[in-house]
Structure formats: C-alpha cells, structure tokens
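Work through the exercises below with the sequence and the model at hand. Each task is followed by a solution in steps.

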Amino acid sequence: MIRPTFLGFETAKKGLTTAQKGIDIAGQNMVNWDSEGYTRQRIEQVALSQDRYSSRFVDNKVGIAGQGVDIVGISQQRDSFLDKRYREEYGDVGYFEKSADILTDIQKSLDILNAEGDEGLRGRLMALRDALDTFAGSPDSPTHANIVSTAVKGMAQTLQLLDEKLNKVAAQHTYDMEVAVNEYNEKLAKVAQINKVIMEDSGVIGNDARYGPNELYDERNVLIDELSKMTNLGVTHNVDGTVTLDVDGKTVVQGKKYETLDFTANDETGIVSLRWLSTGKPASEITTGSLKASNDYINGRGNNMLLKGETANQGVRYYKDQLDAIAQQFAEVLNNSIPNSFTDLSEGYKKLVGTTDGSDTVTAANISVSEEWAGNASYIMTDPGILDTTYILSLKDKLNEAKMDFTAPGGAKSAEEITFLDYFKQIGTTLGTDISYQEGRHTASSAMATSLEDRRDSVAGVNVDEETSNLMLYNKSLSAASRLMTTLDEALDVLINRTGKVGL
C-alpha cells in the first residue's frame with residue numbers, strides 16, 4: 001500500500017507543533033515559578049495510531065504508519081494525597097495559631113496582675129498591707145485610716161481595669177471572628193463560582209477533567225487551602241472538573257451551590273455561636289481550624305460551664321471568673337474583719353466593700369469601697385477611746401499569709417486553699433502553661449505542614465533547572481522536526497522534478 005504523498009509533511013508539522021507547544025508550556029512554567037498557587041504544567045503527548053478504530057483483528061496498514069505525535073492536553077502536576085494531608089495539617093495550624101493568639105492577648109490584658117508597681121494588683125495588695133500596718137500603729141488617726149481607704153479603692157480600681165481589659169479582648173476577637181466567618185463564606189462562594197464556570201462552559205474541559213482550565217484550578221486550590229486553615233475540610237474531585245467540599249460530612253460546596261455559616265454574638269451573655277444558615281443547626285461538624293479556636297476561647301470557661309454555648313477551654317470567660325473569685329474573696333475578707341462595735345461583737349462587722357451597681361454579688365467589674373466607707377474615711381477606726389489593733393492586724397494577716405478557698409461564679413473552688421499572692425501567681429502560671437502548650441502544638445503542626453508543603457511543591461512547584469532542560473529538549477525536537485521537513489521537501493523535489501528524466 002502506497003502512503004499518501006504528503007503524509008510525511010503532516011508528521012513533520014505535528015512534530016513542529018508539539019515541540020513549539022512544549023516550549024510554550026516550559027516557558028509558561030518558568031515565568032510563573034513564583035506566582036501564588038501556580039501548579040507546574042506539562043504537555044501530554046501520544047503517538048498517533050494508524051487507525052483510531054482498529055483492533056487486533058484488523059490488518060496492519062503499513063502504508064499509513066508513522067502519522068506522528070498528538071497533544072491530548074495540558075495537565076497539572078499535583079499529588080492528591082499530599083494535598084489532603086497538607087490541608088488536614090493546615091487546619092490544626094489554624095487552630096493552634098488562633099488559640100495561642102487569643103491566650104497571648106489575655107496574658108497581655110492581665111500583665112498588671114502580678115506587677116509590683118503602683119498599677120499592679122500584687123503591688124496594690126502589698127500597699128494595702130503596708131497601710132494596715134501603719135494604721136495599726138495609730139488606730140485613732142483619720143489620716144492613716146484614709147490611706148487604708150485609698151489602698152482598698154486602688155485594689156477595686158485595678159480589678160475593674162483588669163476586667164475591662166478582658167472585655168476588650170473578647171470584643172476584639174468576637175469582631176475578628178465575625179470578619180473571618182464572612183471571609184469564609186466569600187471563599188466558599190468563589191469556589192462555587194469557579195465550579196459554575198467549569199460546568200457551564202462545555203468547551204472548557206472537553207472529555208477529560210485532567211486537561212481542564214488549569215488557571216481556574218490554581219485559583220480554586222488556593223481558596224481551598226485558605227479554607228482548610230479555617231475549618232476541617234474534605235475535598236472530592238468530580239469527573240466534570242468541579243469539586244465537592246464538605247466539613248466532616250456536611251456538604252458546603254457542591255457544583256455551583258454552597259452553604260453559608262451564620263455568626264451570632266449574644267449581646268447579654270457575650271457567647272458567640274456558629275450555625276449553618278440553611279438549617280439553623282449549630283455547626284458542630286467544625287472540629288478544627290481558626291474558627292473553631294475563636295469559638296472555643298471566646299466562650300471558654302473551663303470546667304465551670306454555666307451557660308449553653310460555653311466551652312471547657314480556659315479562655316476569656318475562665319479568666320474573668322478568676323478575677324471575680326479574687327474580688328469576691330477580697331470582699332469576704334474585708335467585710336468580716338472589723339466589728340461594728342468593739343464592745344459588742346454580736347452587732348456584726350463593718351461593710352467595707354460594696355458594688356458600684358448596688359447588686360449583692362461582688363465581681364471584678366463592680367467591686368468598690370462601700371457607700372458607708374466612701375462617705376466617711378474614718379469609718380474603719382475603732383470606737384472613741386479604744387485602741388484595739390487586733391482586728392486590723394488580723395486583716396493584714398489574712399491578706400498576707402492566710403490560706404483560703406477562691407470560689408469562682410457557679411461554685412467552682414480553687415484546688416486547694418491558697419494565699420492571695422499565690423493565687424495571683426497561680427493564674428499567671430496557668431495562663432503561661434496554656435500559651436506554651438498551644439505555641440508548642442502550633443510549632444509542631446507548622447513544621448509538619450511545612451514539610452508536607454515542601455513535598456507537595458516538589459511535585460507541583462516549578463523547578464527552573466528542570467524547565468531549562470525541557471526547553472533544550474523541545475528545542476532539539478523542533479530542530480529534528482524541521483530537519484525532517486527539509487528532508488521530505490528534498491525527497492519530494494526529486495520525486496516531482498527529477499524522476500523519469502533519463503540521462504540527466
């Protein structure tokens with residue numbers, strides 16, 4: 001069987017086209033080596049068969065063999081397993097990073113708790129003890145009595161300041177969480193929009209999703225990576241080029257449809273919550289990521305949970321409770337120390353500490369000097385003619401060395417009886433330990449994520465040396481195809497112009 005006259009030219013042309021496209025793709029890779037989210041591409045080429053519809057039962061048609069090469073598509077070099085592992089680890093990175101961030105802000109807000117200066121709670125307590133010691137030397141001195149009153153006011157004001165700082169931490173991270181939820185919803189919408197473009201443009205991917213719109217795939221992969229840091233995320237690649245995203249079985253993106261998270265913050269309790277907008281049900285499927293961490297530590301009250309939505313994490317509410325425990329124990333000690341009458345102890349004790357809002361429950365937010373004492377600095381003084389300092393020195397000892405239970409709201413007590421100063425230290429130590437743990441977990445998960453990212457980049461990232469080698473290879477292919485074209489041209493010239501001329 002004689003082959004078609006111009007079959008060789010077609011073979012050479014396909015070789016030239018393939019080599020040129022190879023150079024184009026290698027160049028595309030090289031100029032995008034540092035583009036965010038870019039995945040290395042390559043041409044997928046196959047040798048053309050003699051007859052696309054032939055089978056092993058059809059005769060081999062030698063005459064039309066050698067039809068050249070064909071490009072079946074431009075593929076991306078990605079490893080789905082490494083993508084999955086990286087995104088799983090990235091969720092933990094987001095969780096521990098945000099947890100450490102919130103706890104560090106709590107630590108900064110409580111930085112004056114153990115400070116010994118005039119503004120520190122420890123320093124305020126030590127100043128009160130000194131004032132009581134001085135007052136014990138002159139129990140009939142209005143000046144010294146006023147110094148004690150001023151010292152107690154300083155304690156109350158510092159507790160109020162600490163509580164206010166924690167409220168600001170909660171408010172800031174509540175705002176940040178709301179912004180993050182909106183960002184999360186926007187990213188889900190963008191992924192769904194990319195799915196829609198792929199679905200609706202029938203010419204985008206053809207018959208094989210592997211050779212689809214690579215730039216759209218890159219944009220979508222970046223979005224999925226970012227989403228995986230905010231919540232746990234499962235990814236399923238569909239045959240039509242779209243992806244389905246789920247959060248522990250809850251589908252959040254399918255085709256062009258997507259779910260939306262609803263964020264709420266209770267104005268009265270300050271508790272934040274996440275719900276799926278379509279069902280109104282709590283987003284309990286979210287088990288890791290920065291959104292989970294925000295929810296855990298804004299609502300975190302330790303093991304003393306009182307309200308629905310609070311968590312067992314030692315977050316903002318937990319440390320507010322510790323301040324309340326200090327305020328309540330401080331009020332308890334002062335209000336049961338100085339008798340109303342030094343001659344008739346059955347008349348009870350003078351109320352030295354009250355509340356700014358008139359409520360019966362003392363907290364760090366409302367603690368203050370009582371109205372009786374605020375209106376009369378000499379209120380703490382003994383009866384005229386009586387210079388009994390027993391109760392004043394006893395009060396000083398209670399504030400100094402006496403061990404007692406610190407009871408948080410709801411009845412949870414300290415693990416053991418402890419002094420005021422040791423309790424201050426214990427709060428700081430607990431917080432420091434929590435931060436160290438979260439930062440350690442963040443460091444470990446970040447190291448694992450970085451390792452997985454490096455392995456992923458070794459597959460999907462651009463290696464400039466490798467692409468340079470590819471350029472040289474395709475250039476040689478281009479030269480070879482060009483030489484084939486020249487050879488065929490010379491052969492055809494002989495065939496047409498010289499064949500049959502005798503004697504030449």
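A crossing of two helices is called right-handed if the near helix is turned clockwise from the far one by less than a right angle, and left-handed if anticlockwise. The model used here is predicted.

**Exercise 1.** Describe how helix 2 packs on helix 4: the angle, the direction, the hand and the residues in contact.

Solution. 
- Step 1. The axes of helix 2 (residues 80-109) and helix 4 are 9 Å apart, and the packing angle is about 155 degrees.
- Step 2. Angles over 145 degrees count as roughly antiparallel, so helix 2 is roughly antiparallel to helix 4.
- Step 3. The crossing of helix 2 over helix 4 is right-handed.
- Step 4. Helix 2 contributes K98, D101, I102, D105, I106 and S109, and helix 4 contributes L162, K165, L166, V169 and H173.
- Step 5. Sorted by class, the contact of helix 2 with helix 4 holds five nonpolar, two polar and four charged residues.

**Exercise 2.** Carry out the analysis for helix 4 and helix 7.

Solution. 
- Step 1. Helix 4 (residues 142-200) packs on helix 7 (residues 316-334) at about 165 degrees, with axes 10 Å apart.
- Step 2. Helix 4 is therefore roughly antiparallel to helix 7.
- Step 3. Helix 4 passes helix 7 with a left-handed crossing.
- Step 4. On helix 4 the contact is formed by V152, M155, L159, L162, D163, L166, N167, V169 and A170; on helix 7 the partners are V316, Y319, K320, L323, I326, A327, F330 and L334.
- Step 5. The classes in the contact of helix 4 with helix 7 are 14 nonpolar, one polar and two charged residues.

**Exercise 3.** Which residues of helix 3 are buried, and which helices do they pack against?

Solution. 
- Step 1. Helix 3 (residues 121-137) has 17 residues and reaches 25 Å between its end C-alpha atoms, close to the expected 24 Å.
- Step 2. The buried residues of helix 3 are L121, R122, G123, L125, L128, R129, A131, L132, F135 and A136.
- Step 3. Those buried residues of helix 3 pack against helix 4, helix 7, helix 9 (390-400) and helix 10 (420-460).

**Exercise 4.** Is S341 buried or exposed, and what is it in contact with beyond its sequence neighbours?

Solution. 
- Step 1. S341 is in the loop between helix 7 and strand 9 (353-355).
- Step 2. S341 counts as buried because its relative accessibility is 8%.
- Step 3. With neighbours within four places in sequence left aside, S341 is in contact with E347 and D383.

Definitions and conventions:
Residues are numbered from 1 along each chain as its sequence is written. This is a predicted model: local features need pLDDT of at least 70, side-chain atom pairs count only at pLDDT 80 or more; totals for chains, interfaces and linings use all residues. Side-chain values use heavy atoms; hydrogens and water are left out. Axes are lines fitted to C-alpha atoms, for helices over the stretch in contact, and angles run from 0 to 180 degrees between N-to-C directions. Helices (H or I, at least four residues) and strands (E, at least two) are DSSP runs, numbered from the N terminus. Angles under 35 degrees count as roughly parallel, over 145 as roughly antiparallel, 65 to 115 as roughly perpendicular and the rest as oblique. Contact means heavy atoms within 4.5 Å. Ala, Val, Leu, Ile, Met, Phe, Trp, Tyr, Cys and Pro count as nonpolar, Asp, Glu, Lys and Arg as charged, and the others, Gly among them, as polar. The expected span of a helix is 1.5 Å times one less than its number of residues. Buried means under 20% relative accessible area, exposed over 50%, partly exposed in between (1.4 Å probe, protein chains only).
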